[in-house]
Structures are given as structure tokens and as C-alpha cells.
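My notes follow the structure.

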Amino acid sequence: MWRTALEAAPQGGPARVMVLRNLTQGLRAWFGHHPEETNRSEMLRMHRTALADCPHGHPDRAELLAGSGIALRLAAESTGEQALLVESAASLREALTLLRPGTPLRARRLNSLGNTLHRLAQWTGDAALLDEAVATLRTALAEQRPGTDDHADTLGNLAVTLRERALQADDLASLGEAARLAREALDASPAPPALRVGQLGNLGVVLQSWHGATGDTAAADEAIDVARRALALAPAAGPSRADRLNHLANALRARFASTADVADLDEAVALLEEAARQVPYGDPALAVVLSNLGSARLTQHHVTGAAGELEQAVSELGRAVWAVTERTSTHGTYLKAYGDALRALHHRDGDPGVLRAAEDAYRQAAGTASLPAYERVLAAWEWGAAAADGDRWDDALPGYELALELLPFAASGRLARSDQERGLSRVRGLAAEAAACAVHAGQPERAVLLLEQGRGVLLGRAMATRDGLGRLRDAHPALAARFARLRERLDALEAADAADTVLGRLPADVTDTTDQRHRLAAELEQLVAEIRTRPGFSDFLGAPAVEALLACADRGPVVLAYCSTYRSDALVLRDGEVLLVPLPRATPRAVAEQADRLERALADAADPARDRAAQQAVGEVLAWTWDHVTGPVLDRLGARGPTSDGEWQRVWWSPGGALASLPLHAAGHHDDAEDVAAEHARVAAADEAPVAAPDAGSVPEPVPVPAAGDPAPRTVLDRVVPSYTPTVGALRYARARAAAPRPHGPLLAVALPVTPGARPLGGARREVEVLRGLLPTEVLHGEQATFTRVMDALPRHPCVHFACHGVSEPADPSNGRLLVHDHDTRPLTVREISRLHLPAARLAVMSACETARGGGELADEAIHITSAFQLAGYPHAVGTLWPVHDAVAVRVTRLLYRELCTEAGDGTTELDDTRTADALHRAVLQCRAAFAASPSLWAAHVHAGA
């Protein structure tokens, strides 16, 4: 009818614009039901005609522009043409300039623009567009009246847009808000069945994503229930039904991944087969169904090994790849799944050509810039692993290099700290595999750089920021001030989030906090790009060069130890080169077994009835660690113990992965060292003498030296002075702070003999007595030792000693904490300590339990209390790997500080923190002599830093 009316309407006549407006509305509705190419072409042609015939200033122009924007988006979704989406956004933006704020029509068009921007961001991976989409939809929501269909529609659109932001950035807060809004949309208005189907579908996909991110099985069950309700409301046939079948199948597949209930998987395959029959050939929805069906069949192959499943999976996933536009995020996702199927086919048949095809699919996926950073990391990792499967190490290396290059973007400042840690926990082992690949390729120096890139990502970023900011202030103070302001605002958001998390509260306004974090992080990214354009700052916040890392071995070797399925090695930095020491028996499985055995033995040692067997097990773990990790390194270095004049060589250990759970510093066959231990026992007898101020001219007791020709002791402690560093970069950071002028001031002691909610620590009072007897000490004791008073006192004291409880949280390491008096409400956590910036800091001693404990899913990140004090600015830190007995804590305190005390120029006593590693080494040797049969007692204390 409107086509006929248009033929009758004269060009330029008053009725022509009205006719065109109604015709274009009808064509959009018709195309929604019949998305053929001829209908699409007519729809676009008539929208362009309408705009050309509608002069500027005409009252219908705004709505024609908006209609054109919607038509362009529909056409883009049908063809995959990104240019149509760009044009859609431009039309809608122009339309909004002609609409009065606060009107229902403007809110409706804001919703349309939000949808276009969402789709464009989804295709391009542009985070700025996605942030704009969220802001646009929030504005639309604010201008709509609750209880209306428009309000419910915008709620649903905002929910799926936030879900997209969550998927792109791995942002759990955005996903949580998406779930809340999707529920609100479902109950926001008495929607007709067609709209209800969409609302149920939105809630279902958000719940699936929530389950995927958190493992929440209740969300998986609810997603299936919601998808079944949506399917029941869908038409009996056609693309709309196929869409609902696809959503239900995906929900069932997700639950199968958690429960391994084969019935869910079988039903998912059947539903996807039906969905494929419902979608006509050439419809873009067919690629979606085929990709999901192929992935489901691949899972079935892994579960049942049924004949033909794998071949069908490869076929369907390949068809999905070929059916979508290249370089879109969808194309990248399908390529990754196709690579998985090809790799499985190679695993079964061994065809090298298939493996190369899988490698190529992964390479293309990893190179898809629109794919979320985390997905690109996984694709690049698989690219490297596929080439490594074929022992083609030179081909594998670029894949691993790209994965590590992208890793910081997968844990970006757009995320809350907990989300950054969650993302990094899922790439455990990546750095070790990359290093092994580089070693196989004959590039040990490259292996060192890859380990530095892939370990301590969060710690390294924070340290680089502090170092880089200082350099920037000297050269470009205005840029430095902008950088500092943005960082402070981001840190304040994180501090507020952390406080709410500790107290079990939801953030006061998660919406505002999340949007602010994304906005500020985007500004910071742009500022960093600007800073890097300035002369001398192209490497601002970048990774150090290998020459800078090698220079850190000027005071003793630095040992980077890793284990992987490809190989395990120690990469030793010394004398300007990298020395490769293979560790063939330190496989990931073997190391994990020893770490588990140590953990069980330490738990058993707390029971007197099981202590003897437990101590034997600990000793056997230390012996195994010597035989397969530390012994080969020290033998290769020729480290035999002190020189004839009593000088010890220092060695810094930097283990990663499961190796971080083993006490490398205490490794050895300590039963062999009975003569050495007897000599240390004689020296240790002085420990029982009354505490007295040190004599400035006193000389340390002599240490046993192996006679020439005698075999060197098979223990680390009897050969070198051991220290730890999370990364070589962290050692550089500590050295820079140690080089600053030494401040003066009393020692700060934080002592809590009695802590609310924890067992008493009688040794804490005795430790304070020891300290007061040796040097000037300011004490925060018991109820005085609150969070606020401790944090206030730390900047005024270069050295601090904590005698209190410590708690590690392997599953949430940033929540590890020292128990101050008000820890129930204000815990002194790793997060809080890490935010400190103390230029005058020198030494932190944590005479508390598990303050240097690593391991867990974030073993490569070295997130614990000791590393937090290093980040805060302490170049030397002493911590513990496991719970420490009160008597041992007091003994170590006495021995350590006796060695550190020296006479100042004014006759007073002060601490020489530069000798911390040597002093602790001597203290541990004497404790070993005193408790020779109980390694769990003497082996816990470690030194970290310069």
C-alpha cells in the first residue's frame, strides 16, 4: 500500500515525507521477518531516499535519521558489514541532536544508539565504544518511566551490553550488574510473549556467563530453567525457535562442564541438531548454531570417543569459520574452536598436516584484534603449544611471545584487583612453557625475558609505576602530575572495593564504581601512550632489557627456576651471561607431589603423636629438593661454602609455579652435615647467654669451612647465603631503594601477645624484651596496635618488627594479613600494605606465620605479606613460609638482631640492615643446630630483597 502511495506522491510534495516514513517503518518490520537480500536492499534504498527527500529542519527528519540508523544496524547484523554499523551510529547520533532531552522518543533513540554501539564494540573489540554504549543506555534508562515496555527493553539491552563488557574485560562486577538488570527487566512490565522471550533469553545468557566466570552451579541450573521457559514461548518453527534452542543447548553444555552429566551433553547436541534444521542456508544464525554444535560434538568425542563425532565436529566448526566475516571477534572465537577440533584430530591420527592447520587457526585467532584480550592470550598459548607438539620450537616461540605480550591487557587496570588475580590464575604455567620453548630454541636469554614478562605481573606493574613516576617527575612534571592523579583515583576505588569485600559488604554503588574504573583506566592508557611519545620515554612502564637484568647478578648469582611439561631448568644470571642448568627430574608432577607432601607433613607436625614421622617427611622433601633442584645449580656454580677468610657467596632464588612452594633455601641432606651442625651448636650455645648491647669491635664467631679436597656439604645453607626475589625486576627495585641514604630512628615493634579471636602468643612479649635490650625500640603493644596506629607509625620508622599472627589466603592472596588488634574490622592486608609508599623504609621483619607463603593458582604472582612490604619500599624483608613455634620465633629474633646491631657515630645502637641476609643465615644455621631433628622448626624463615 505504501509503495503505491509513494508512486502517487509527487517529488517535493507535502505528503511524500509522510509516505516515506511509513514505508520505511514497514520495510524494517518486513525485513525482521524475511531477512532476504532483496528485502535488505530495498529497505536501505528507501531509507536513503527518505533522508534525501526530507530537508533539514523538517519535523520528521529526526525520526527518519533514527529509522535509518536502525535499518543500517539490521542490515549490518545480516551481512557482517562493519561499515554499515559505523553509518548507523552516525545517523542515530545526528538524530539525537534534533530530539529534546527528557522525551520518550529521545530515550527510545538513545536505546537504539546504545544497541548499535554495543554491536560495533562487539565486532571491533573497541573498549571505548563499549563504554560509550553503557553510558548511552544508562542515560536512556534515566529518561524513561519505570513500568513501561520501553524501560524494560532498555534494562535488558543494558544488561547484555554490560555482559559484553564483562566478557571483553573479564570484569566480574559488570557481569554481576548485568544479572541484576536482566532480572529487573523480566519483572519490569507485563510484556507480551514476544518481548518476554527476549527478556528470558537475556537473563539466560547472563546467567551462563556468570556460571562460567564463578562456577556457581545454582546459576547454571537457573540458566537452564530460564532457557526452557523461553523455548516454551517461542514459535514452533523458524529462526526465532532456533535461537531459543541454541540458548538452551549452551546452558546445558555449560552445566555439563561442571557436573559431567552426559545427559546434559546429549540433550544439548540434539537441541543444536534441531536448531540447525530450523535455520535456512545463508542465514548468519546458522554459523552460530554450527559452531556450538561442532564444539558440543568435540566434547562428546572427548567423553565417549564415538565413531564419527570428531569428523563431524571438524566439519561443522570449519563451516562456521568460513560463514562469518574475517577479523571480527566472532571469527576469532570460531577459529579457536576449530583449532581445538583439528588438534584433537591430530592427537588421534598423528597427521602433521592437521597439526599445522590447527596451529594456523590458533595463529589467526590470536591475531584477531577485536577478540577480547584474554581470549587472544589463550589462542596464542594454543598456537605455541600446537607447534611445540610437533617439536617445532622456532615456530612455537612467536605464539608464546604474543601470549605474554597480551597478558597485561588481560589483567588491565579496568578491572578490580580480584578480577585481575582471577584472570592471571587461569594462565598458570604459561611463563614456564614459554621459557622452556625459548630454551629449546637455543635462546636462554630470551627465556629469562619471558619469565620476567609472565611472572609477578601485578607486582612488576606496581613497581614499574613507582620507578617510572619518579623518572617522569624529573623530566615532565606536568605529565607526572596527571599520571599520579589518575593512579590515585584508581587506587582509591580499589581501596573502597577492598574495604567492602573485607567486611562482607556490597559496594555502595557498584555501577558508579565500575564505570569510573573503566573511564579512568581508559584515560590512563591514553596518557601512557602520550608519555611514550616523549624522548627517552618510549619504554615507560615497559619490560627491562636483558642487559639490565643481567646487571642484577653483580653481587651474586640470581637463579630463575621453572618447571614445565616440555622441560625444567634453572636459568642462572651471573657474570653478564645466562647459565643453563637442566633440571630433568623436577617435572611439574614430581614437584607438585613434593609440595603436597611437605604441606601434609607440616600439618602433621602440629600433632605430637605424628611429629617424628612428619619431621622425617620434611627432611626427605628437603633432600629431594637438593638432589633435583638446588644441588645441580650450586654444583654447576662451584659454590662449596665460605672461603678460607669466612666470606660467603650470596645466591638469590626466584622459583615459579609449584617450585615456589618448596623451601629452596633449606634444601639439602642435613643428616650429612653432623660435624658442621656440631660446630654451629657450639656457636648456638651463646644464644642462652644474657642479652647485652653489642660491642662495636666484636667479630662474628668463625664458621666451619670445608677442607680442600673434602666433598662440599649437600645443603644450601652450608654452601651459600640464600635470599629470594619474586622476579629479577623486584630485585632491581629493592636494590634501588637500598641505595638511598640510610635514615635514622628507633625500631618500631608491633607486638600482640593477645589478639581477639586468635590464640595467645607468649613469645611476642619476649621478642619485645629482646629488642628493647638491644636497641632503641618504640612499641605498639596489644590494644595500641590498631590498623590506624600501625599505618601511621610505619612512615616514621625505617625498620619494623611484627610479633603477631599472620594469615595467608592461597585462594585470595591479596587478603593475606597480619592480625592487628582490630583485624575484624580493619585487617592489615596485603592490599593495604602494598599501597604504602615509604621511601625511608629499610627492613621489615615479620615474626608471624606464613608471611612469605606463595603457591596456589597464583604462585607465579608471589602475592604475600613479604612481597607487599617489598613493594611498599622495604629493600629487606624477613618472613616465614609456614607457622613458626613461639620459642623458635624468639630465638631467631634474638640471633638476628644481635648480628644486625652496630654502634652509630654518636655511640647509640642502630641496625645495619645491609647485613640482613647474612644475619638471618647465621641465625638459621644456629637454630638448625639447636633443633637438628625438627626441620619444620628451623627452616621456615627466609630473607627476600636486596
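**Helix contacts**

I began with the pair α17 and α18, where L355, E359, Y362, R363, A365 and A366 of α17 meet R376, A379, A380, E382, W383, A386, A387 and D389 of α18, a contact meaning heavy atoms within 4.5 Å. I sorted the residues of this contact into 9 nonpolar, no polar and 5 charged, with Ala, Val, Leu, Ile, Met, Phe, Trp, Tyr, Cys and Pro taken as nonpolar, Asp, Glu, Lys and Arg as charged, and the others, Gly among them, as polar.

I note that the model is predicted, that local features need pLDDT of at least 70 and side-chain atom pairs 80 or more, while totals for chains, interfaces and linings use all residues. Residues are numbered from 1 along each chain as its sequence is written, and side-chain values use heavy atoms, without hydrogens and water.

For geometry, I found that α17 (residues 352–366) and α18 pack at about 155°, with axes 8 Å apart (lines fitted to C-alpha atoms over the stretch in contact, angles running from 0 to 180 degrees between N-to-C directions). That makes α17 roughly antiparallel to α18, the label for angles over 145 degrees.

I then turned to α20 (residues 417–425), in which 7 of the 9 residues are buried, so this helix is largely enclosed by the rest of the structure; buried means under 20% relative accessible area with a 1.4 Å probe, protein chains only. The buried residues are D419, Q420, E421, R422, G423, L424 and S425, and they pack against helices including α18 (373–389) and α19 (393–410).

Definitions and conventions:
Buried means under 20% relative accessible area, exposed over 50%, partly exposed in between (1.4 Å probe, protein chains only). Helices (H or I, at least four residues) and strands (E, at least two) are DSSP runs, numbered from the N terminus. Angles under 35 degrees count as roughly parallel, over 145 as roughly antiparallel, 65 to 115 as roughly perpendicular and the rest as oblique.
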